[in-house]
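Colleague: I'm new to this one. Can you put it up and talk me through it?

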Amino acid sequence: LQLAVADSSIRRVILRGHGASFSAGGDLTEFGSVADAGVAHIARTTRSPALLLSRISDRVTVEVQGACIGAGIELAAFCKKIIAKEDAFFQLPEIGFGLLPGSGGTASLTRRIGRYETALLAITGKTINSDEALELGLVDEIRSD
């Protein structure tokens, strides 16, 4: 992502997961593992993939399959185009851990699906399939391959 930010001649970036799922979200074992919350905040904000994606969003296509959960969909939602396989499903599970979406979800998802639908996903932790995501505008296309 840093290369694409630095080099505007890179016209297209494709992000995809390898394996059964695109992204299971953030590593929950990292939460609370740093003694200094300020240092943790600085590390997250200066090394933020959300910030990088927002800078090159017009050149990024995301291809998702299987689980696209938490940070996975929050980051993908910054990008110009999201293509989902039929088996893709989406969820913001943070509420179940007493957290709010934190990888840019409150900014990226609202741009794609609006405040109401973003709030509904964030507050309920509801899982939606690829067809529902297409209806909401969360994904742009569904592929069967």
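Modeller: A term to start with: helices (H or I, at least four residues) and strands (E, at least two) are DSSP runs, numbered from the N terminus. With that numbering, E94 sits in the loop between strand 5 (89-91) and helix 5. What you see is a predicted model.

Colleague: OK. How many helices and strands does the protein chain have?

Modeller: The protein chain has six helices and seven strands. Read from the N terminus, the order is α-β-α-α-β-β-α-β-β-α-β-α-β.

Colleague: And how compact is the protein chain?

Modeller: Its radius of gyration is 15 Å, close to the 15 Å that the globule rule gives for 145 residues, so the chain is as compact as a globular protein of that length. Along the principal axes, the C-alpha atoms fill a box of roughly 45 × 40 × 30 Å.

Colleague: What percentage of the residues is buried?

Modeller: Buried residues account for 38% of the 145 in the protein chain. The protein chain exposes about 8500 Å², and carbon and sulfur atoms supply 54% of that.

Colleague: What about contacts between residues at least 24 apart?

Modeller: Among contacts between residues at least 6 apart in sequence, 65% join residues at least 24 apart.

Colleague: Let's go to the strands. Which strand does strand 1 pair with?

Modeller: Strand 1 (residues 13-16) pairs with strand 2 in the parallel sense, over four bridges. One of the pairs there is V13 with V60.

Colleague: And on from strand 2, what does it join?

Modeller: Strand 2 is joined to strand 4 by four bridges, and these two run parallel. T61 has K81 in strand 4 as its bridge partner, and V62 has I82.

Colleague: Where does strand 4 go from there?

Modeller: Strand 4 also pairs with strand 7 (residues 141-143), in the parallel sense and over three bridges. I83 stands opposite E141 in strand 7.

Colleague: Back to strand 2. How many of its residues are buried?

Modeller: Five of its five residues are buried. In a regular strand the side chains alternate between the two faces of the sheet. In strand 2 both faces are covered: V60, V62 and V64 are buried on one side, T61 and E63 on the other.

Colleague: Pick V62. What does it touch?

Modeller: Leaving out residues up to four places away in sequence, V62 touches L15, F22, A76, C79, K81, I82 and I83.

Colleague: Which residues touch the most other members of the largest nonpolar core?

Modeller: That core has 29 residues, and V60, V62, V64, I73, I82, F90 and L138 touch the most other members. At least two residues each come from helix 3 (49-56), strand 2 (60-64), helix 4 (71-76), strand 4 (81-85) and helix 5. The largest share, four residues, is from helix 5.

Colleague: Why would those side chains gather like that?

Modeller: In general terms, nonpolar side chains tend to be buried together in soluble globular proteins.

Colleague: Helix 5, then. Is R115 buried or exposed?

Modeller: R115 is found in helix 5. R115 is exposed, because its relative accessible area is 73% and the cut-off for exposed is over 50%. R115 and G26 are 89 residues apart in sequence, and their C-alpha atoms are 22 Å apart in space.

Colleague: What about T118, buried or exposed?

Modeller: T118 also has its place in helix 5 (residues 105-124). T118 is buried, with a relative accessible area of 5%. A polar atom of the T118 side chain lies 2.7 Å from the backbone oxygen of G114.

Colleague: Now that loop you started with. Why does E94 count as buried?

Modeller: E94 has 12% relative accessibility, and buried means under 20%, so E94 counts as buried. Not counting residues up to four places away in sequence, E94 touches G70, A71, E74, L99, L100, P101 and G102.

Colleague: And P93, where does it lie?

Modeller: P93 lies in the loop between strand 5 and helix 5. P93 is partly exposed, with a relative accessible area of 21%. Leaving aside neighbours within four places in sequence, P93 is in contact with I69 and G70.

Colleague: How many residues apart are P93 and V5?

Modeller: P93 and V5 are 88 residues apart in sequence, and 30 Å apart in space, C-alpha to C-alpha.

Conventions
Residues numbered from 1 in each chain as written. Predicted model: local features only at pLDDT ≥ 70, side-chain atom pairs only at ≥ 80, totals over all residues. Heavy atoms only, no water. Buried < 20%, exposed > 50% of the residue type's maximum accessible area, 1.4 Å probe, protein only. Polar contact = N/O pair within 3.5 Å; in protein donor to acceptor, adjacent residues only side chain to side chain. Core = buried A, V, L, I, M, F, W, Y, C linked by side-chain atoms within 4.5 Å. Contact = heavy atoms within 4.5 Å. Pairing = 2+ DSSP bridges. Rg over C-alpha atoms; globule rule 2.2 N^0.38 Å. Areas by Shrake-Rupley, 256 points an atom, 1.4 Å probe, with all protein chains shown as cover.
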